[in-house]
Amino acid sequence: MAQILEDLDYFSLDDLLTSEERMTRETVKQFVEREVLPEIETHFAAETFPLQLIPRMAELGFFGANMKGYGCAGMNNVAYGLIMQELEAGDSGLRSFASVQSALSMYAIYAFGSEEQKRRYLPQMAQGKLIGCFGLTEPDHGSDPAGMETRARRDGNGWVLNGTKRWITNGTIAGVAVVWARVDEGIAGFLVEKDKPGFTSRNINGKFSMRASITSELTFEDVRLTDSDRLPEARGLRAALACLTQARYGIAWGAIGAARSCYRTALEYVKSRKQFSRPLAGYQLVQNKLVTMLTEITKAQMVCLRLAHLKDQGKMRQEQVSFAKRNNVGWALEIARMARDMLGANGIVNEYPVIRHMLNLETVNTYEGTFDVHTLILGRDLTGLSAFD
Amino acid sequence: MKILVPFKRVPDPATTIRILPDGSGIATDNVKWVINPFDEIAIEEALRIKERLKTGEVVLMTIGQSNWQEQLRTGLAMGADRAKLIVTDKPLDTLTIARVIAKVVAEEQPRLVILGKQAIDDDSNQVGQMLAEILGWPQATFASKLEIEGDRCTVVREVDGGLETVAFPLPAVVTTDLRLNEPRYASLPGIMKARKKELKEIPIESLGLDLTPKLRVKELKAPPKRQAGRKVGSVQELVKLLHEEAKLI
Ligand SMILES: Cc1cc2nc3c(=O)[nH]c(=O)nc-3n(C[C@H](O)[C@H](O)[C@H](O)COP(=O)(O)OP(=O)(O)OC[C@H]3O[C@@H](n4cnc5c(N)ncnc54)[C@H](O)[C@@H]3O)c2cc1C
Ligand SMILES: Cc1cc2nc3c(=O)[nH]c(=O)nc-3n(C[C@H](O)[C@H](O)[C@H](O)COP(=O)(O)OP(=O)(O)OC[C@H]3O[C@@H](n4cnc5c(N)ncnc54)[C@H](O)[C@@H]3O)c2cc1C
């Protein structure tokens, strides 16, 4: 097993996992080791997504893994979290793909779609034959989606959609886009298929982060939709936020994978690298960094495992997800930066996975609610006072 | 066609092994356990035969403690149909293992038994051969290719300096080499399906075999630490040292 995939289990949390959960983790680890790591740096350098992995991930059951029926694996949320953790130990872009396909696009249909929509889209999406994307963010509205300008106007029995969505993962490869738009009653969700006249998409290039992931801009110009294209149960922004809660849950787990990869790499490096009289690992400053990394990864694991159990029991609060996303990603980014520093000049080249994780985590810190936005969510929860406006 | 795949649970090859201070065994805390990699190849081959023939049954078995169930479940998640766990907490020698497997063969009546050429923990490389002898069946060890046509089996064997092709009638015992195939990983739907598959525990005593080992491990020792290398000044010096010190030439 590649060094960076080796588990980090300082508090024997494995004892709290079922054998099925451990088996799931093992499957994803093997997939990442054999099929992702050998080529991820090439894709990151070329700013491309490894499309050939999509059918493999589908075959192994990664998409919609925690949903029941419609060809989904029906696993619990611990197993689902472990999938995200191991995918992100490979690359945040890969985990992003799985998050967008499962927790955002499929979940939107699963939770708010009609039976007919579920049957039409979910099995194909689980099989990776249909890719989804989730259009919430706009050029002028990120942290504040309630201000969105994309609009769906009633027109006879149907709808006419106009607006722009930006920073949309998988946008140009998606066969169906979940698009959130303003309607007279508030905010509604629509399913817009790729070939609808007036719907165009293009890629955003020149990214320094998430290079092995596709990020796009979607434009809707008088796109005509019918009532059957609308998600019937998605009433208000709340529905979109419920999807974000699912994705944030997976991101909290994923961050552990990226952080572990950086920690493992740094630990090996400082054990063998000698400066002055001895290995770097023998110096107090270096040990302090290693201990901080281990401590924060372990705490993040504990938060996630407890969150998973709460989610499985139907008791998870969205503020708890904010806590986990904020803490785990914030620390993962900090750990990646520490590891980068500990590798000296080697920390800036792609011979090691560290700088790639570090750059990716800048996005993870920003999307799905920035670190600071989650601080505001938690602050409001504690005080009852909103500091957003 | 029914295929039996017996396997052993071993420490993950990536695990660093520590020998207990008294030399009686290895420290098992923090050891990650896996299906012996050669046996995993055997499971994969059995599944592929079943898939090619579009009929048959793949039965797994192992001999060990109750918690070896986890590895059996992994095999079931890969696609095997059912599993038997012969429960014992005593260490058994290879001949006893072969006898236990022979008992299960007598009950299950498979047409083919596939197992790893050796287990990566003690590297004995004996069980397959002993089993074939006990059963009086043909054997093909170190298989790198396996084909079945009707009631005949053709195996390409990896032998010193080349390949040997052997053909024989079934039933038979085949042991796998590294290049036979690359095992699949358990898919998540496979893991969910494995839940409902039959996994029977059978106390070893119920088989009525004499379990007294003929072989006893007296002591385990780590291999000596490798000495650091040394640079020599000239070819002459190297030859001299090879002759006088290493006594190689
Ligand atoms: C690679 C990538 C992929 C993405 N994929 C998707 C996707 O698939 N679908 C999708 O809909 N979106 C996606 N996004 C968009 C992402 O969700 C937004 O970037 C994010 O919500 C932040 O919005 P913004 O970029 O407009 O930043 P802004 O909202 O402009 O925030 C800028 C800064 O201001 C801070 N800030 C904002 N409001 C406040 C306040 N009230 N008080 C104090 N500070 C504040 C923020 O914390 C941040 O530091 C993606 C983004 C990236 C980079
Ligand atoms: C893009 C680039 C351009 C460069 N250009 C030049 C150039 O033109 N000329 C040139 O000569 N060099 C150049 N360098 C090399 C640069 O100066 C070195 O990378 C730097 O001195 C650090 O050395 P190192 O990479 O070997 O890291 P190391 O010395 O191995 O340090 C690794 C880590 O260990 C820490 N560490 C080291 N010693 C201790 C200690 N005793 N106690 C605690 N912690 C310790 C460091 O702070 C760091 O976090 C360049 C480097 C880069 C990346």
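These legends describe close-up views of a predicted model.

**View 1. Three domains make up chain A.**
Domain 1 of chain A covers residues 7-126. The C-alpha centres of domain 1 and domain 2 of chain A lie 24 Å apart.

**View 2. Domain 1 of chain A touches domain 2 of chain A.**
On the domain 1 side, 23 residues take part. They are in contact with 20 residues of domain 2 of chain A. Three elements of chain A each give two or more residues to the domain 1 side: α1, α4 and α5 (115-126). Which element gives the largest share? Helix α4(A) does, with eleven residues. By class, the domain 1 side has twelve nonpolar, nine polar and two charged residues.

**View 3. Helix α4 of chain A packs with helix α6 of chain A.**
Helix α4(A) runs over residues 92-112, and helix α6(A) over residues 237-272. The angle between them is about 155°, and their axes are 9 Å apart. Angles over 145 degrees count as roughly antiparallel, so α4(A) is roughly antiparallel to α6(A). Their crossing is right-handed. From α4(A), the residues that meet α6(A) include A:S92, A:R95, A:S99, A:A103 and A:L104. Further along α4(A), A:Y107, A:A108, A:A111 and A:F112 are also among them. The α6(A) residues in this contact include A:A239, A:A242, A:C243, A:Q246 and A:A247. A:G250, A:I251, A:G254 and A:A258 of α6(A) belong to the contact as well. How do the residues of this contact divide by class? Twelve are nonpolar, five are polar and one is charged.

**View 4. Helix α4 of chain A also packs with helix α5 of chain A.**
Here the angle is about 160°, and the axes are 9 Å apart. This angle makes α4(A) roughly antiparallel to α5(A). Helix α4(A) passes α5(A) in a left-handed crossing. A:Q101, A:S105, A:M106, A:I109 and A:Y110 form the α4(A) side of the contact. They meet A:Q117, A:K118, A:Y121, A:L122 and A:M125 in α5(A). The residues of this contact divide into six nonpolar, three polar and one charged.

**View 5. A shell of 20 residues surrounds ligand 1.**
The closest residues are A:L136, A:T137, A:G142, A:S143 and A:T370. Which of the elements gives the most to the shell? Strand β3(A) does, with three residues. Domain 2 and domain 3 of chain A each provide at least three residues of the shell. Nine shell residues are nonpolar, nine are polar and two are charged.

**View 6. Chain A meets chain B.**
How many residues of chain A are in contact with chain B? There are 16 on the chain A side, and they touch twelve residues of chain B. Helix α1 of chain A (residues 19-46) gives the most to the chain A side, with seven residues. By class, the chain A side has eight nonpolar, six polar and two charged residues.

How values were computed:
Residues are numbered from 1 along each chain as its sequence is written. Chains are lettered from A and ligands numbered from 1 in the order in which they are written. This is a predicted model: local features need pLDDT of at least 70, side-chain atom pairs count only at pLDDT 80 or more; totals for chains, interfaces and linings use all residues. Axes are lines fitted to C-alpha atoms, for helices over the stretch in contact, and angles run from 0 to 180 degrees between N-to-C directions. Helices (H or I, at least four residues) and strands (E, at least two) are DSSP runs, numbered from the N terminus. Angles under 35 degrees count as roughly parallel, over 145 as roughly antiparallel, 65 to 115 as roughly perpendicular and the rest as oblique. A crossing is left-handed if the near helix is turned anticlockwise from the far one by less than a right angle, and right-handed if clockwise. Two residues are in contact if their C-beta atoms, placed from the backbone, lie within 7 Å. Ala, Val, Leu, Ile, Met, Phe, Trp, Tyr, Cys and Pro count as nonpolar, Asp, Glu, Lys and Arg as charged, and the others, Gly among them, as polar. A residue is near a molecule or strand if its C-beta atom, placed from the backbone, lies within 6 Å of it. Domain bounds come from an automatic or database domain assignment.
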